[in-house]
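Biologist: Hi! Could you walk me through this structure? I'd like to hear about a pocket, a helix and some aromatic side chains.

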Amino acid sequence: MVDDNTVVFTTKTPMPILPTLLAQLAIASAKTPKGDYTADPIGTGPYDFVSWTQGENVKIKRFDGYWGEAPKIAEATYVWRTESSVAAAMVETGEADLAFSIAPQDATNPETDKVYPNSDSAMFRLSADIAPLNDIRVRKAFNLAIDRKAFLGSVISDKAELATQQVGPSVLGHNAKLVPWPYDPEQAKALLAEAKAAGVPVDTEIRMIGRPGMFANSNEFVEAAAEMLRAVGFKIKLDNLEMTQWLEAANKPFAANREANALLTMHDNNSGDAQFTAFFKYHSDGRQSEIHDAKVDKLITDAGMASGEERAKLYQETFRYIYEDLVADAPLFHMVNYMRVGKRLDFTPTIANAVELQLAKLVVKSPS
């Protein structure tokens, strides 16, 4: 430490986005008892924590000693409602002022319901090292069997975009040249037949893993996708897991005797750089990576040390190679959210609200 107000960081390798990485850190005293960090948080923001009733609500109040501009709203209560229609109705009747996320079918009031892009990208992660998904023909057939466009405007908002990678267009490293998979069930059947003739056990059951409430209508999406896959010859066992079980399936160490699986996952990259996605999802040592490829590892490592245009190009090649050459997974959609904003609030959501709602930016309209 240089002085009381200066800290010097020395990294083992070049780290061009160090300031962004540091912005992701939460700092707590080593003396903080286990559990107190979340149950009784201490921050430096414009609001103080008041109480948390688990599964019901969180209450906060304005911090009058805040160093910045004082927020207009003095206090707020966040309540949990699992049903989108219930949350939307609460705003409609004035019981609540804002519903953070509602399902597309509940966004029926153009005066209050606002759609905005979020940083979430949905995909099926495929267990590419377990038969029959260890054969690229089978992974291609999986992609060809899903009619992604059919979901837009039905269970998925028509404002969502077809995805080709795990980062959205706003992220440095996104490859805009990649083309979404077409829906071609006949080609999917042909690829499965070719793989079967070559000795691949394509009749092996594949466990499709979903999670209730992952996104609006996620259960309906998984069920429909499973039927599309069965229609071309896949043997699919549908398994919707609660969060704890889903995390066990999503994260390493993977079970040694696990079966072939297609895990529905949704990843948000709201930091704007592909580093927050590429290592975690695709490096051999990544916590949720199903692949072990020396070229991918090198691309990710080199990109992480590069800056500017070189950094972007290396990440773009990473996502191209994963998508076109490895066919490592089945990208689905770059998602959007619907927010219902009560009539007494002056607020327009942006992509920043995909992961947070800055209460200090909300304004209550003056009585007319």
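This is a predicted model: local features need pLDDT of at least 70, side-chain atom pairs count only at pLDDT 80 or more; totals for chains, interfaces and linings use all residues.

Biologist: Great. What volume does the second largest pocket have?

Modeller: Its volume is about 240 Å³.

Biologist: And which residues lie nearest its centre?

Modeller: Those are Gln275, Phe279, Ile300, Thr301 and Gly304, out of 14 lining residues. Two elements each give two or more residues to that lining: helix H9 (275-282) and helix H10 (294-305). The largest share, 5 residues, is from H9.

Biologist: How many of the lining residues are nonpolar, polar or charged?

Modeller: There are 9 nonpolar and 5 polar residues, and no charged ones.

Biologist: Okay, on to helix H11. How many residues does it have, and how far does it reach?

Modeller: Helix H11 covers residues 308-326, which makes 19 residues. From first C-alpha to last it reaches 26 Å, close to the 27 Å expected at 1.5 Å a residue.

Biologist: Which of the H11 residues are buried?

Modeller: Among them are Arg311, Leu314, Tyr315, Phe319, Arg320, Tyr323 and Leu326. The cover over the buried residues of H11 includes helix H4 (136-144), H9, H10 and strand E10 (329-341).

Biologist: What follows H11?

Modeller: Valine 327 does, and its phi is positive, near 45°.

Biologist: Now the aromatics. How many aromatic pairs are there?

Modeller: The count comes to 9 aromatic pairs. In one of them, the rings of tryptophan 181 and tyrosine 323 have centres 6.2 Å apart and planes at 70°; planes over 60 degrees apart count as edge-to-face, so this pair does too.

Biologist: Where do those two residues lie?

Modeller: Tyrosine 323 is in helix H11, while tryptophan 181 is in the loop between strand E6 (161-162) and helix H6 (185-197), so the pair ties together parts that are 142 residues apart in sequence.

Biologist: Is tryptophan 181 buried or exposed?

Modeller: Tryptophan 181 counts as buried, because its relative accessibility of 17% is under the 20% cut-off. Tyrosine 323 is buried as well, with a relative accessible area of 6%.

Biologist: What about phenylalanine 215 and phenylalanine 221?

Modeller: They form a tilted aromatic pair, 6.1 Å centre to centre with 55° between the planes. Both are buried.

Biologist: Which residues share an aromatic cluster with them?

Modeller: Phe124, Phe142, Phe151, Phe234 and Phe333 form one aromatic cluster with Phe215 and Phe221.

Terms used
Residues are numbered from 1 along each chain as its sequence is written. Side-chain values use heavy atoms; hydrogens and water are left out. On a 1 Å grid over the protein atoms alone, a cavity is a set of points where a 1.4 Å probe fits but cannot get out, and a pocket is an open set with protein on both sides within 12 Å along at least five of seven lines; lining residues have an atom within 4 Å of a point. Grid points are joined across faces, edges and corners, and a volume is the space filled by probe spheres set on the points. Helices (H or I, at least four residues) and strands (E, at least two) are DSSP runs, numbered from the N terminus. Ala, Val, Leu, Ile, Met, Phe, Trp, Tyr, Cys and Pro count as nonpolar, Asp, Glu, Lys and Arg as charged, and the others, Gly among them, as polar. The expected span of a helix is 1.5 Å times one less than its number of residues. Buried means under 20% relative accessible area, exposed over 50%, partly exposed in between (1.4 Å probe, protein chains only). Contact means heavy atoms within 4.5 Å. Rings of Phe, Tyr and Trp (its six-membered ring) pair if their centres lie within 6.5 Å; planes under 30 degrees apart count as stacked, over 60 as edge-to-face and the rest as tilted.
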